[in-house]
Amino acid sequence: MAQAAEIKSIAILTPEPGTDYGWNQQGIDAAKAAGKAAGVEVLVADNLGYGDVRPTLREMAQDGAGLIIAHASGYNTAAPEIGAEMKVPVAIVDLPDAKKAGAVADYTASGHEGAYLAGRLAAKMSKTGTLGIVVSGEPPSWNSQSAAFAEGAKAEKPGINVRYAVIGPAAYSDAAGGKRVTEALIAAGADIIFGQGNGSSFGMLQAVETNKATNGGKVYFIDVIGDKTAIDKGNLLSSVVWNLEPVYAAMIADIKADKYGTRNYDINLKDGSVELLKSKHVPDDVWAQIEALKKDIIAGKIKVTAKYDADSVHKLVTQLPQ
């Protein structure tokens, strides 16, 4: 595998464009920031889709990448395979057991601590007493956040109703599906939607912008990973923002120290790699309460355990019929 002195560049591959205010953009921006801080070039290949990326992986290795970040769970089979073939370390998601010294590390990042706070916030602000969760699939990261959101909401208001709907098994870019399913949750009483979906989240956002709650009031949206404030039309309540720069910086440092593949990587509230976005729609007194809860989580007074399996989510929510 590449030695420290040989690392002149890293590469990141993403399935969708790096302009989505979400998973793809956060990944690319973080890689660029981590690369700049470490003095290495960053090669970007975005909008690759979810098909076979082996040719692109080989191309990045041939271009001299000393680390290839395969930024999609759909790439977690091809990346280790091509990494071994081309003798380049790779980073993958949603396959933590694939860790291999010098070769493979996983960063199945989970913003569950932030999602718990989002659930507390949603329960505090809901007027109908019903919240909705829309997901574009059930990967480990989404599951852990969905479960934590539901737990947070129920800790705030034990009697609150949390409805849940899945667009499809891997509907990450299905904006039309996101809109349709979100509208169904709004019709079922939800006035705050927690949406996890990459490109499909734009459909979710459109649904909350164009539909009223069952009580005639406004519907709010809580996003994940990125910050869509720049395109907010008045419905973006918050977002569980992921900052992956510390993750990628740690990967680069581990490669330089010849420790890569000896551990996996995560994100958390304590180091700022997870944070809950405060929008102008959140009253100051409510935000002060959320900040107090955040301190309790960091101090260990509130335990938020990641639950990566879909069954754990299903036990906490009322599923909307498919």
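This is a predicted model: local features need pLDDT of at least 70, side-chain atom pairs count only at pLDDT 80 or more; totals for chains, interfaces and linings use all residues.
A cavity is a set of grid points where a 1.4 Å probe fits but cannot get out, and its volume is the space filled by probe spheres set on those points. Rolling a probe the size of a water molecule over the atoms shows where empty space is left.

How many cavities of 30 Å³ or more does a search of the whole structure find? The search finds 2 of them, and the largest cavity holds about 190 Å³ of space. Its lining is made up of 18 residues, and those that lie nearest the centre of this cavity are Trp23, Ser73, Asp94, Tyr172 and Asn198. When the lining of the largest cavity is sorted by class, 11 residues are nonpolar, 6 are polar and 1 is charged.

The second largest cavity has a volume of about 60 Å³. Strand E9, which covers residues 220–225, supplies the largest share of the lining of the second largest cavity, namely 3 residues. Here the classes divide into 4 nonpolar, 4 polar and 3 charged residues.

Two packed helices are described by the angle between their axes and the distance between the axes. Helix H1, residues 23–38, packs on helix H8, residues 245–256, at an angle of about 45°, and their axes are 8 Å apart. Because of this angle, H1 is oblique to H8, and the crossing in which H1 passes H8 is right-handed. On the side of H1 the contact is made by Gly27, Ala30, Ala31, Ala33, Ala34, Gly35 and Ala38, while H8 contributes Glu245, Tyr248, Ala249, Ile252 and Lys256. Of the residues in this contact of H1 with H8, 8 are nonpolar, 2 are polar and 2 are charged.

Another pair is formed by helix H2, residues 54–62, and helix H3, residues 78–86, which pack at an angle of about 40° with their axes 10 Å apart. H2 passes H3 in a right-handed crossing. The contact brings Arg54, Leu57, Arg58, Ala61 and Gln62 of H2 together with Ala78, Ala79, Glu81, Ile82, Glu85 and Met86 of H3, and by class it has 6 nonpolar, 1 polar and 4 charged residues.

How are helices H4 and H9 directed relative to each other? Helix H4, residues 112–125, and helix H9, residues 284–299, pack at an angle of about 150°, with their axes 10 Å apart. Angles over 145 degrees count as roughly antiparallel, and H4 and H9 are therefore roughly antiparallel to each other. Their crossing is right-handed. Glu113, Tyr116, Leu117, Arg120, Leu121, Lys124 and Met125 in H4 meet Val286, Gln289, Ile290, Leu293, Lys294 and Ile297 in H9, and the contact of H4 with H9 has 8 nonpolar, 1 polar and 4 charged residues.

Although leucine 316 and asparagine 161 are 155 residues apart along the chain, their C-alpha atoms are separated by 9.7 Å. Leaving aside residues up to four places away in sequence, leucine 316 touches Ala147, Ala150, Glu151 and Lys154.

Conventions:
Residues are numbered from 1 along each chain as its sequence is written. Side-chain values use heavy atoms; hydrogens and water are left out. Axes are lines fitted to C-alpha atoms, for helices over the stretch in contact, and angles run from 0 to 180 degrees between N-to-C directions. Helices (H or I, at least four residues) and strands (E, at least two) are DSSP runs, numbered from the N terminus. Angles under 35 degrees count as roughly parallel, over 145 as roughly antiparallel, 65 to 115 as roughly perpendicular and the rest as oblique. A crossing is left-handed if the near helix is turned anticlockwise from the far one by less than a right angle, and right-handed if clockwise. Contact means heavy atoms within 4.5 Å. Ala, Val, Leu, Ile, Met, Phe, Trp, Tyr, Cys and Pro count as nonpolar, Asp, Glu, Lys and Arg as charged, and the others, Gly among them, as polar. On a 1 Å grid over the protein atoms alone, a cavity is a set of points where a 1.4 Å probe fits but cannot get out, and a pocket is an open set with protein on both sides within 12 Å along at least five of seven lines; lining residues have an atom within 4 Å of a point.
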